[in-house]
Amino acid sequence: MLLAAQETAAAGWFLENAWLIPLIPFVAFFVILLFGKKMPRGGSEVGIASMVAALVVAAGAAYQWIDRVDSSHGEEVEPVIRQWVWWQSGGTRFGIGEHIDGLAIVVLLLVAFISTLVQIYSTEYVKGDRRYTHYFASITLFSAGMLIMVLAPNMVQLILGWEIMGLTSFLLIGHWWEEKANSEAALKAFWTVRVGDVGLLVGTAVLLGIFGTLDIKGINDSAAAGQFGSHNALMWAAIALFIACIGKSGQFPLHTWLPDAMAGPTPVSSLLHSSTMVVAGVYLVARLYPVFHVGLEINAVGQTFNLIAVIGGITVIVAAALAFVQNDIKKVLAYSTVSQLGYMMMGLGVGAWTASVFHIFTHAFFKCCLFLAAGSISYTASHHSFDMKKDMGGLWKKMPITFGAWMVSTAALAGIPFFSGFFSKDEIIDSAKHADYTIFYLVGIVGAFMTIAYMTRATYLVFFGTPRGGAAHFMGVEHGLEHRDDHAHETLGHDDHSDDHADQSDHGHDDHPEPVRGRPFPFAKYDSPWKITAPLLILGTLAVGSGYLNAPAVGVHWFEHQTESSIGLPLAEHEADGDNAEQVSSEHAVDESVGAEDVGAAEHAADSAIYSVPEPPKFAWGAAAPGLLLVLAGFLVSLFLSLAVFGKRKNVLSPLVGITERNKLFGAGHRFLVNKLYLDHLYEKVIVHGVAYPVSKAAYWFNQNIIDGVVDGAGRSTKRTGEWVYRNIDQRLVDGAVNASGMVANESGHALQPVQSGKVNHYGALLFGAAAVGAIVLILLNV
Amino acid sequence: MDYSNNALLTIGTFLPLVGVLIMMFIPGSDERAHKQIAIITSGATLAVGIYTLIQFDYGNSATLQFAVNEEWIEVIKSNYIIGLDGISLPLYVLSMAVTFLVAVYTWNNVPDAGNPKAFLMLMLVLQVGMAGSFIAQDLILFFVFFELVLLPMYFMIGVWGGEDRQYASLKFFLYTMFGSALMLVAFLALFFQTGAESFSFEHLMAAGALIDHDVQVWIFAGMFIGFAVKVPMFPFHTWLPDAHTQAPTQGSVILAAILLKLGTYGFVRIALPMLPQGAHEWAPVIGILAVIGIIYGALGCLAQTDMKRLIAFSSVAHMGFVMLGISTLTTFGINAALFGMVAHGLITGMLFFVAGSIKHRYHTLEIKRLSGLLIQMPKMGWILGFAAMASLGLPGLAGFWGEFPVILAAYSPAFGVNEALFRTLMVIAAMGTVLAAGYLLWLFQRTAMGDPNPEFVSHDEPAQSLSAAANHGADADHHDEIHDVTIVEWIAWMPFLVAIVVFGVYPQLMFKVMDPAVIQLVERVGNGIP
């Protein structure tokens, strides 16, 4: 049954049937699960085929969407919505279906595309894994979950997709669950996200309470038009939903699960960190932007900060700092993702919707590429180790494709001009400045400085300097070259050298349960096998190219044009400050607009035009310059530091070597970072441990001794009463009387004897009789 | 009321007695025959149930169908009135399905005390009581069925139970009896307050609403305790962990799947519509106790060292969600509560099945000693994982639809119910879902993941090579007793697993049936509140 209000007539086949995009992988999941083991390629062929099919439909839908936008001639582009009845309550029907607009198309395309590449990559990477079929089933369902969420026309479907991702991330992170550390990481991921999900459930309930609907379009339209009873309630809805996003998108302070999630296979990390899972939180904010924008009064005149921007900003800085002290390449990338998600959130928090969504888009390519490059290194060069200090170094000579892809992606991540990340990130930073969020402008450029710093350090450790450990072996520069033939034996030992690491938390392994057998040494003459390098090449290309869909620096605003109808709020015209960046910060301009808009902001009900998102700022090299200078500075500082510390070469920054040992303050700061700000201690040792042990034990003690004690006590005292009655009344009084009167001797004694016999039915009868007496009393009183 | 096809419910309810009758004349030594008869009888009952499903007029699910109104005990003005509507249909059929599947499971899982004859006879009698409670439309008739359930379950626990079965069964019986006594007082009070004319639900619903406010509150108190013990709600729940832990697997499954629902069903069917003002006054109390139950039950779970006891405690938490839904007095809440009853029946029933089968193989349910189920019995392990995921309310599986709409409902409870209180309860209840994920996945991690406990690994195969062995699919036969899911288990479990997925993916199947009846009910309650 189709729910009402569908206008799909002119939308085109792909747009109307975009619901197929998640459905195909969803069905494929069951096929793989049930029949995968019997298939020649263990079900991976079904997974890949389903992702390709989803990609084809998504591409068709994208094509038709572009057509739809281009033929709209400047009018508002309506999303394509179709829903079928899914459940009902109180006569209200709720649907399941699709909600297609620019935003959805972007992410659909992204997810389908990256999932396809990751699955191809995985066929090589997890080859021979004992749960190969399970792996492909889970990763296919994972993509399906994200696609279901992205398409969601209402909150319930969104929650469905959201939680499916939670489930599959649990399965994938804990893929090698024989190791306790892995299963714990999986649990941690699920729980942390689940803590945030409380907000999702509560926020959804509040939205239903406010708007009387769970349809995303309905909610957005009403919120944007100011049609809600209480602004306060809307604010709480926004806060609650944002808590869910904090959990899912690894924002501070719930980011701690993300680095641990590196316990999963590397392709999973790359999928999880690029286009699915962690992006879900950002997507939710972008999807329901009017709720957040209006609820948290983003861009209200005179606002200097708001919840989203603050959390995003803190995340940018904290995660970038943490990335700088990691030894595990995947953890560097994990914290880097957290930091970049912080940028996206911060962008949404300052009203830079387009830039943030575009950052989702570009970030997906280069971050996926970086993870896959890390996987390529560990697969081919470092014996499944991810420890940059112990098992890498100097790899650029032997892994040209991996190296190239890494460098391009790093440049994109660092925001070097003309690479994709530059266009998206710079616009976020620029928007913060334009919208008068000066603090977040500073956070943005400092974050850029830190980003290039930690990436330079990582790049140096991985690709330059002298090869160490596994890499040395791979490069053939190890001192014991004569051991070549014993290679298989050596790899067996990879468990051993993990034990050598003093600090367990500081290294990572993709612990393939089986040693890599029978592969000739070196594994490959040049780089990894093609199934690994091909995705790298494609993603590396996109790490540059994807930026040009929306490159203000070269005058391209195509992406913005395609997605602006998804914001749900009108774009405000720049008044005085359009061309002149400096003028924004002048007191004068602020004062003027206060007079005009403050009145409107006070009464939310009537005028719909009061809520609007500022138009993206016009690009100017001058405005971007401070950020770019900091990027350059970050590069140089980090380069010299890396050379000094790791390369042992004397340079300007050599005096800083060993400062953490020499200076207490630096040492404390370093320790604070290495221990991940002690947040894990707080969560695991204090909260979780507290609830799991003392609190629950206390509750259970209360249960057994107090509540149950009352019950048992009541039972025992009833029994004692019975005994007393038997001894004193029955035996002495009644029986005495009976005996005395010379009537039939034991009859009544027999009648009441069961009172003390301990037989349950007699007790029941006693209780029941008492109740009957009570009933009679009640009847007499009332009749 | 719709009086067509009126023999159907009577047949469906009393058919198991035919089996009991036949079994009486067969000597107990012929165990196979008893099992066959039990399976055939319960299968036939289920077939009648399915026929009822087919005959049910779904466009009209708010009216009682297949109704019968015959004279019964004229002296006390009680009639044999039965009927089925959208509220009772799912539970009625569920009881039949569960009994049938439990009978199938018993095929090669007779509890240790033996004597399948008596065991299966009791089970069939139990089924009569359960089905009867859901079709009864007369208070006395309801009460008779409601009490009929007690005795077979008492014996099932007391005879076929675990080590502490005497204590557990006694506690179960007395506690429920205590509740029943108060409930009966309340029923009688209700009868006399409405003019002592009839015990029929229809009459009592119409007349009960007119009773004086204060009297309603008092009568509701009696019913509340009676039903709350059965649910069980905090603080009347302590019989449940003992009963569940000691009961044989079959008993636990039936207890969780159906018996607990008699309490919640009583609230929805009897207490709410007959005493609307009482319900309205009591709603905050029920809501608070329900939410305490959610958190408290979850904490209790975290403290458990025994798998079965943990699952038992999780029932307290889940029934808390059901009761919170009912206490909102809204269509959303009651729909979700009804859905939650069925979902909890399926999911927790499934968990008890798995626990029973693990006990059967390992002779222990101590969480510390169980480890690596996924290696020793991968299928069993994944079924446990699946049921745990369903139990913690993952969307796409049935449990979600019993929880999520409750949270939606608690934000805006019925008119006149304290909104601020219920919103607070909503947030706390939502936090309960985190704890649920906590204890369930923790259980899964500790029992299913990791390497198997060497204690249960046979000696010819060293423990460290197990991982490799698992890789070659050789897990089925390293231990004589530890084998993966058997055929009989698959047959008994598959319907549960399928139903959990089907209702989870397409909840409308059930919501559509219940919703009109619930709307009518909520209207009735609303009209009764001035």
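The legends below describe close-up views of a predicted model.

**View 1. The contact between chain A and chain B.** In this predicted model, the contact draws 57 residues from chain B and 55 residues from chain A. On the side of chain B that touches chain A, two or more residues each come from helix 7 (165-193), helix 12 (276-303), helix 14 (331-362), helix 17 (400-411), helix 18 (419-448), helix 19 (466-471) and helix 21 (508-528) of chain B. The most is given by helix 7 of chain B, with 14 residues. Sorted by class, this side of chain B holds 40 nonpolar, 14 polar and 3 charged residues.

**View 2. Helix 7 of chain A against helix 17 of chain B.** Helix 7 (residues 180-211) of chain A packs with helix 17 of chain B at an angle of about 50°, and their axes are 8 Å apart. Helix 7 of chain A is therefore oblique to helix 17 of chain B. Their crossing is right-handed. From helix 7 of chain A, the residues A:Leu201, A:Ala205, A:Val206, A:Leu208 and A:Gly209 meet B:Phe404, B:Ile407, B:Leu408 and B:Tyr411 of helix 17 of chain B. The residues of this contact comprise 8 nonpolar, 1 polar and no charged.

**View 3. Helix 4 and helix 24 within chain A.** The axes of helix 4 (residues 102-125) of chain A and helix 24 (residues 530-545) of chain A lie 7 Å apart, and the two helices pack at an angle of about 155°. The two helices of chain A are therefore roughly antiparallel to each other. Helix 4 of chain A passes helix 24 of chain A in a left-handed crossing. On the side of helix 4 of chain A, the residues are A:Leu117, A:Ile120, A:Tyr121, A:Thr123, A:Glu124 and A:Tyr125. They meet A:Lys531, A:Ile532, A:Pro535, A:Ile538 and A:Leu539 in helix 24 of chain A. By class, the residues of this contact divide into 8 nonpolar, 1 polar and 2 charged.

**View 4. The surroundings of A:Val106.** A:Val106 belongs to helix 4 of chain A. With 26 other C-beta atoms within 10 Å, A:Val106 is buried. Leaving aside neighbours within four places in sequence, A:Val106 is in contact with A:Val357, A:Phe361 and A:Thr563. From A:Val106 to A:Lys38, the C-alpha to C-alpha separation is 36 Å in space and 68 residues in sequence. As context for this view, chain A contains 32 helices and 4 strands, and 54% of its 783 residues are buried. Of the contacts in chain A with a separation of 6 or more, 78% are between residues 24 or more positions apart.

**View 5. The loop that holds A:Glu78.** A:Glu78 lies in the loop between helix 3 (44-70) and strand 1 (80-89) of chain A. A:Glu78 counts as partly exposed, having 13 C-beta neighbours inside 10 Å. A:Glu78 and A:Arg68 are separated by 10 residues in sequence and by 9.2 Å in space, C-alpha to C-alpha.

View 6. Strand 1 (residues 65-73) of chain B pairs with strand 2 of chain B in the antiparallel sense over 6 bridges. Opposite B:Asn79 in strand 2 of chain B stands B:Glu71, and opposite B:Ile82 in strand 2 of chain B stands B:Val68. The hairpin has 4 residues between the strands, and B:Lys77 takes a positive phi near 60°. Strand 2 (residues 78-84) of chain B is mostly covered, with 6 of its 7 residues buried.

**View 7. Cis peptide bonds in the two chains.** In chain A, the peptide bond from A:Phe252 to A:Pro253 is cis, with omega near 0°. A:Pro253 is placed in the loop between helix 9 (231-248) and helix 10 (257-260) of chain A. In chain B, the bond from B:Phe234 to B:Pro235 is cis, with omega near 0°. B:Pro235 is placed in the loop between helix 9 (213-230) and helix 10 (239-246) of chain B.

View 8. A:Met277, a residue other than glycine, has a positive phi near 50°. The loop between helix 11 (266-274) and helix 12 (278-287) of chain A holds A:Met277, and this residue is buried, with 28 other C-beta atoms within 10 Å. B:Asn115, a residue other than glycine, has a positive phi near 55°. B:Asn115 is located in the loop between helix 3 (89-106) and helix 4 (116-135) of chain B. With 16 other C-beta atoms within 10 Å, B:Asn115 is partly exposed.

Terms used. Residues numbered from 1 in each chain as written. Chains lettered and ligands numbered in written order. Predicted model: local features only at pLDDT ≥ 70, side-chain atom pairs only at ≥ 80, totals over all residues. Contact = placed C-beta atoms within 7 Å. Nonpolar A, V, L, I, M, F, W, Y, C, P; charged D, E, K, R; others polar. Axes fitted to C-alpha atoms, helices over the stretch in contact; angles between N-to-C directions. Parallel < 35°, antiparallel > 145°, perpendicular 65-115°, else oblique. Left-handed = near helix turned anticlockwise from the far one by under 90°. Buried ≥ 20, exposed ≤ 12 C-beta atoms within 10 Å, placed from the backbone. Pairing = 2+ DSSP bridges.
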